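Welcome! Please take a look at the sequence and the model below before reading on.

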Amino acid sequence: MRIRLLLIVSLIVGITVVSYLFALYQVSADRKALKREVVRRSELLAESLDVSLEPLIQSRSHRALKRLVEGFGNRDRLAGVAVYDDRGKVIAVNSNMAQRLKVVPPVVDRAIASDRGAGAFRTIDRSLMHVYALPLHRDQKIEGVLAVFTDATDVSAQSTATWRATFIRILVEMLIIALITLLVVRWAMVGRIAQMAQWLKELRAGNAASQPPPFLPEEDMFKSLTREVTHLGRSLMAARAAAEEEARLREAGESLWTSERLRVFVQSKLEECRLFAVSNREPYEHLHRGKEIVHIVPASGLVTALEPILLACDGTWIAHGAGDADHETVDSQDRLRVPPEEPHYTLRRVWLSKEEVEGYYYGFANEGLWPLCHIAHTRPTFRAEDWTYYQEVNEKFAKTVVEEIEGEEHPVVLVQDYHFALLPKLIKEQAPHCRVAIFWHIPWPNAEAFGICPWQRELLEGLLGADLIGFHIQSHCNNFLESVDRALESRTDWERFAVNRRKHLTLVRPFPISVDFREKQENGNSAALSGSTYIERSALFRELGIEAAFMGVGVDRVDYTKGILERFHGIERFIEKYPSYKGKFTFVQIGAPSRTHIKRYHDLLADVESEADRINWRFQTSAWKPIIFLSRHHSHQEIDRYYRAADLCMVTSLHDGMNLVAKEFVASRDDEQGALILSRFTGASRELRDAVVVNPYDTEQLASAIYFALEMNPDERSARMRRMRRVLKEHNIYRWAANLINELSEIRVEGSTAVKIAQAEYMGR
């Protein structure tokens with residue numbers, strides 16, 4: 001009630017002020033117009049009388065002059081006429097005016113002095129009049145002055161009438177606007193707020209739908225409220241779902257990791273320790289879109305993996321600011337709070353020049369280390385200038401990390417990937433009290449292959465500055481320890497999988513990364529889900545402009561390690577061997593262009609497009625193609641449609657640390673259908689043992705695997721998918737993060753008494 005009263009009073013005051021100003025302007029304009037009309041009438045009358053009066057003045061016929069003045073003085077709206085001599089003495093005046101005229105008007109003297117007509121408004125006998133004086137001549141000399149007195153009371157009367165009408169109009173407008181305001185407030189605000197309150201009430205009771213409240217529009221003044229209410233609703237539903245899931249798991253004796261469980265775990269493990277994550281790619285990127293600045297989340301499993309940890313402990317994420325609007329969104333210390341909708345941790349951006357990005361990222365990291373670590377028969381390129389930039393960028397990030405951890409008693413730094421092999425040692429040299437871990441997201445090659453790198457010793461020494469090094473699988477850990485054994489003087493403990501070099505102990509552990517697995521449907525609904533899968537597949541084929549019955553899907557960056565060309569050759573051989581599937585099976589390859597200004601990647605993209613065209617030209621019909629190549633970046637929502645509609649997914653990497661596409665496909669299949677064809681050279685093949693595991697170099701095996709997956713008994717296909725989903729459910733991304741944080745939290749910081757004793761005992765064994 002108080003808000004409505006305040007709104008109505010504000011509107012009334014505002015309307016009154018505006019109406020008063022408009023009325024003031026209108027009255028002033030009308031008054032000026034009326035005065036101009038009175039002046040014009042006075043001047044015309046004076047000029048017409050001048051013709052008749054001048055002969056009488058010249059002949060000094062005062063009697064005739066008085067008769068003429070008396071006759072004109074009785075005209076409508078004319079108050080009177082008077083004639084003065086050249087000294088201002090009255091010669092003739094009409095009778096009505098004679099009684100009211102006490103003194104000679106000043107305009108008479110002005111007219112005599114200037115020898116020209118003069119006028120002015122004056123109040124005479126309590127009446128507003130316009131007095132116009134016009135000189136009368138005899139032999140070109142002023143003989144007298146004609147004064148015309150025009151009644152101007154209409155000017156005041158009209159102004160009064162205008163004010164009265166304005167007051168009545170304002171009063172009526174206020175009443176109407178107050179009524180309309182009450183109705184609008186009740187309809188547009190009070191009603192919707194009441195609906196919002198009811199929706200929140202049902203939400204607390206667990207009865208509200210998961211969709212945004214339909215009664216709040218997403219524009220105008222409700223935009224922010226809609227966003228916040230929707231976010232609040234989803235948070236409540238997510239919290240309730242998490243609590244229900246935790247309760248169900250406790251009842252069933254299971255131990256599923258969730259984001260909420262990870263949050264509690266991280267807080268208990270790190271306690272007062274601050275966490276600092278370092279990566280090349282940032283979790284939020286700001287870009288110009290026309291005149292606006294928008295933020296995007298780069299498509300990356302790294303963001304999915306690390307953000308729950310940062311959210312749990314209000315940490316700091318240090319990354320390269322690559323967005324064209326990134327500079328405009330940070331404070332003076334190059335920091336900003338994220339996520340934008342509900343900030344929970346800090347993003348610190350590091351700025352790199354174009355030359356640094358070219359040398360450190362595209363050069364040494366992606367033309368050197370990437371092919372070196374992936375056994376995909378692509379020769380690594382090592383240039384001294386790239387190595388220089390790699391060192392400089394690692395030093396720049398080390399300086400930033402040290403700045404951020406300044407003042408922290410127990411900082412924990414989690415470095416990500418092959419871009420920062422030198423960073424652990426650089427941090428430890430400047431902050432020995434800091435716990436440092438690095439997770440290597442790509443494979444680690446055998447010692448002979450790694451020995452190709454001219455700077456292998458520097459890279460290994462940089463990595464061994466960490467307290468903990470993580471890889472996806474055990475064989476990568478073994479390869480790393482063998483590389484250290486061959487290149488450096490150190491003590492390798494194969495029982496504990498640790499390296500002691502210069503009295504610093506580094507643990508080496510496998511941490512298989514995963515995805516955020518969430519069960520959306522119960523198993524009992526699999527029949528309904530299968531039906532919706534068929535409908536979705538048909539819809540996708542219509543959008544692609546083809547007719548087919550079976551769909552395969554591949555999702556990759558266009559990279560030579562992903563085995564896309566080998567995959568296409570397998571599909572070609574499949575159609576040759578099993579011609580009954582011609583016109584029925586279509587493979588959709590979603591290929592996001594990557595690093596295209598590196599010649600090897602640019603050429604690969606052209607080869608993939610050319611090979612798809614060649615195979616299509618060989619087999620296609622007017623309504624069907626065997627391969628659809630979608631060469632652009634797709635959102636998670638777009639990709640999920642293909643995952644859920646496909647009969648099979650092909651992951652044919654020639655060498656891959658893990659490959660999360662395989663796990664994403666399995667996680668998306670709530671219907672427990674679909675088959676996964678998985679390369680034996682991926683880390684995922686160690687966990688997803690119910691996939692159809694293949695050698696991507698074996699074209700015949702690939703063709704047979706496609707046929708086997710399509711012809712597989714539905715019950716066997718469902719059983720395989722169910723077992724793979726159970727693996728992902730138990731080993732999801734939150735469990736990966738928890739294992740990593742748990743191992744890191746157990747490390748004792750160098751310099752403490754406990755560590756010195758432990759190292760002395762270790763060295764004495």
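This briefing covers a cavity and a helix pair.

The model is predicted, with local features needing pLDDT of at least 70 and side-chain atom pairs counting only at pLDDT 80 or more, while totals for chains, interfaces and linings use all residues. Residues are numbered from 1 along each chain as its sequence is written, and side-chain values use heavy atoms, leaving out hydrogens and water.

**The cavity**
- There is 1 cavity of 30 Å³ or more in the structure (on a 1 Å grid over the protein atoms alone, a set of points where a 1.4 Å probe fits but cannot get out).
- Helix α21 (714–730) and strand β22 (675–679) each supply at least two lining residues, and α21 gives the most, with 4; helices (H or I, at least four residues) and strands (E, at least two) are DSSP runs, numbered from the N terminus.
- By class, the lining has 6 nonpolar, 1 polar and 3 charged residues (Ala, Val, Leu, Ile, Met, Phe, Trp, Tyr, Cys and Pro are nonpolar; Asp, Glu, Lys and Arg charged; the others, Gly among them, polar).

**The helix pair**
- Helices α7 (residues 259–270) and α22 (residues 733–745) pack at about 5 degrees, with axes 10 Å apart; axes are lines fitted to C-alpha atoms over the stretch in contact, and angles run from 0 to 180 degrees between N-to-C directions.
- α7 and α22 are therefore roughly parallel (under 35 degrees).
- Contact (heavy atoms within 4.5 Å) involves Phe 265 of α7 and Ile 741 of α22, among others.
- That contact has 8 nonpolar, 3 polar and 1 charged residues.

Terms used: On a 1 Å grid over the protein atoms alone, a cavity is a set of points where a 1.4 Å probe fits but cannot get out, and a pocket is an open set with protein on both sides within 12 Å along at least five of seven lines; lining residues have an atom within 4 Å of a point. Grid points are joined across faces, edges and corners, and a volume is the space filled by probe spheres set on the points. Angles under 35 degrees count as roughly parallel, over 145 as roughly antiparallel, 65 to 115 as roughly perpendicular and the rest as oblique.
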